[in-house]
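Open the model in your viewer and keep the selection panel at hand.

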Amino acid sequence: VTIWVDPAPTLPSGTIAIGSNLVLSGSTPLTWDNVVVTCTGNSTVTGSTTGAITIRRSVVYGCGNFGASGIDVTTTGAVTIEDTIFEATGAVRIVANGSSPVSITDSEWRASNWITYTASNPDDSPTLDLSGNTSGAKTLKGNRFGGGIVSITGMNGWQIGGLTNPESNIWMGPRAVLRFQNSNNAVVQGNYMLHDYHGGWS
């Protein structure tokens, strides 16, 4: 038996309070680095930009709700989500176009996120929804998902997980699955999924 113990987390040193909906446009980037982001009143982050989307070493709390994505952005810039916790937040939806890379690593989507579970409609249950036509490198490694679907649509060439323990993604919870639609040439390695309802809805 091998027990892995993570080092104690380093808490973010800054705060960002979003009191009304944040809309990206033009070349405005989204940069959250080493901060606690709190959305009050179920505020959301939306819009279309050519700027980079960078969420690193942060905690994102309270964005969106069951009926509204917490983050719903389209970009031609690089997408980096790293070492971040999403809690009590609606789905994260990112459309990545152009040629920039997408890297989502070492982050956690907690079971407390606002995900709708409808027995007859699995499409109601995304926690992370990725789409677009970017030709850049695309990686999803070392993440933990406490419920909901990770959906990848129309994007080729993903690397999901890897051959070492730190690269493995973990899905554990209701509808905690990986779904590809119209996406080719993905490499899926070394991940763990626990999605067992003993005959119940799926």
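Is W109 buried or exposed? Select W109: at 1% relative accessibility it counts as buried (under 20% relative accessible area; exposed is over 50%, partly exposed in between, with a 1.4 Å probe and protein chains only). This is a predicted model, where local features need pLDDT of at least 70, side-chain atom pairs count only at pLDDT 80 or more, and totals for chains, interfaces and linings use all residues. Residues are numbered from 1 along each chain as its sequence is written, and side-chain values use heavy atoms, with hydrogens and water left out.

The structure holds four aromatic pairs (rings of Phe, Tyr and Trp, the last by its six-membered ring, with centres within 6.5 Å; planes under 30 degrees apart are stacked, over 60 edge-to-face, the rest tilted). W109 and F145 have ring centres 5.1 Å apart and planes at 25°, so they are stacked. W109 belongs to strand β13 and F145 to strand β16 (residues 144–145), so this pair ties together parts 36 residues apart in sequence.

Now select W171. Its ring is stacked with that of F145, at 5.2 Å centre to centre and 20° between the planes. F145 and W171 are both buried. Ring pairs link F86, W109, F145 and W171 into a cluster.

Finally, show the strands (DSSP runs of E, at least two residues, numbered from the N terminus). F86 stands opposite W109 in β13. Strands β10 (residues 85–87) and β13 (residues 108–109) pair in parallel over two bridges; pairing requires at least two DSSP bridges. The open, parallel sheet has eight strands, ordered β1-β4-β7-β10-β13-β16-β19-β22. β1 (14–18) and β22 (192–194) each have a single partner strand, so one side of each lacks a neighbour in the sheet.

Notes
Helix = DSSP H or I, 4+ residues; strand = E, 2+ residues; numbered from the N terminus.
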